[in-house]
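Please keep the structure in view while reading.

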Amino acid sequence: MADEVLLAHRESGVLTLTLNRPERRNAIDGPTWDALRAGFERARDDPETRVVVITGAGGAFCAGADLSVKREGHPLDRMRSINEIALLLHELPKPTVARVDGVAVGAGWNLALGCDLVVATPTSRFSQIFAKRGLSLDFGGSWLLPRLVGMQQAKRLALLAEMIDAAEAERLGLVTWVKTPEEIDAFVADLTTRLAAVAPVAAAQSKALLHENADRTLREALASEARTQAVNFATADAPEAFAAFTEKRDPDFTGEWSIR
């Protein structure tokens, strides 16, 4: 519905969540936070959802939290709820793609950075706007930025709160691809089709391994890889991949448990 703050549409295993407050450049108010939580929980629990796309309506991605709306309750309680939503996104066992056109600032940019892949257009603009609002980083920005760009660049983005364009964001590794407005929809459609075709259990395991092992020793990472590979061998997807290879066809991955 046009008056919903978050639009959800699923097709061919791809769930697209569209922030829908274009009059506020999709700034996130209380109902929108609640809708994001529900959307991420739906994506997590729905076996038919293989990929999640997050985007914004009306030529903007997200202008961050809507600070013009007064909310009740203690700020720490509100932040606790917002943090739970950030964790839901980070821990989704499905590939996530941010489709960014227009501004992505503050928590809005960190919403995009919380996705596995980011596709932007040349008109996209990004800022960790918090310092200019008398605030510090949130929605995972203090964890994400140093891991993506290193400590010095993270401090630059956090302390100066400057607006950077898509080319600079791509150079820093904060955007995966930059596509023209005419190309982006077809590119995202092809990208999500390919992601949806990946073995779902294996994809979830690889995503979790990359997150968990980023700050572990090699020995610990290898042990984690061994455990997760044993899970993959217990699904129908490993033999299906071998059969498809020998039969020269595309595999049909289901993630089904094959041990009875």
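Arg10 stands opposite Leu15 in strand 2. That pair belongs to the antiparallel pairing of strand 1 (residues 6-11) with strand 2 (residues 14-19), joined by six bridges. Helices (H or I, at least four residues) and strands (E, at least two) are DSSP runs numbered from the N terminus, and two strands pair if DSSP finds at least two bridges between them. The model is predicted, with pLDDT of at least 70 needed for local features and 80 or more for side-chain atom pairs, while totals for chains, interfaces and linings use all residues. Residues are numbered from 1 along each chain as its sequence is written, and side-chain values use heavy atoms, without hydrogens and water.

Two residues separate strand 1 and strand 2 in a hairpin, and Ser12 in the turn has a positive phi of about 55 degrees. The open sheet has six strands in the order 1-2-3-4-6-9, with mixed pairing. Strand 1 and strand 9 (177-178) are at the edges with a single partner strand each, so one side of each has no neighbour in the sheet. Strand 4 (residues 96-100) and strand 6 (residues 117-120) run parallel, joined by four bridges; here Arg99 stands opposite Val119 in strand 6.

Turning to the helices, the axes of helix 4 (residues 141-149) and helix 5 (residues 151-160) come within 7 Å and cross at roughly 130 degrees. Axes are lines fitted to C-alpha atoms, for helices over the stretch in contact, and angles between N-to-C directions run from 0 to 180 degrees. Contact means heavy atoms within 4.5 Å. Leu145, Pro146 and Val149 of helix 4 make the contact with Met151, Gln153, Ala154 and Leu157 of helix 5.
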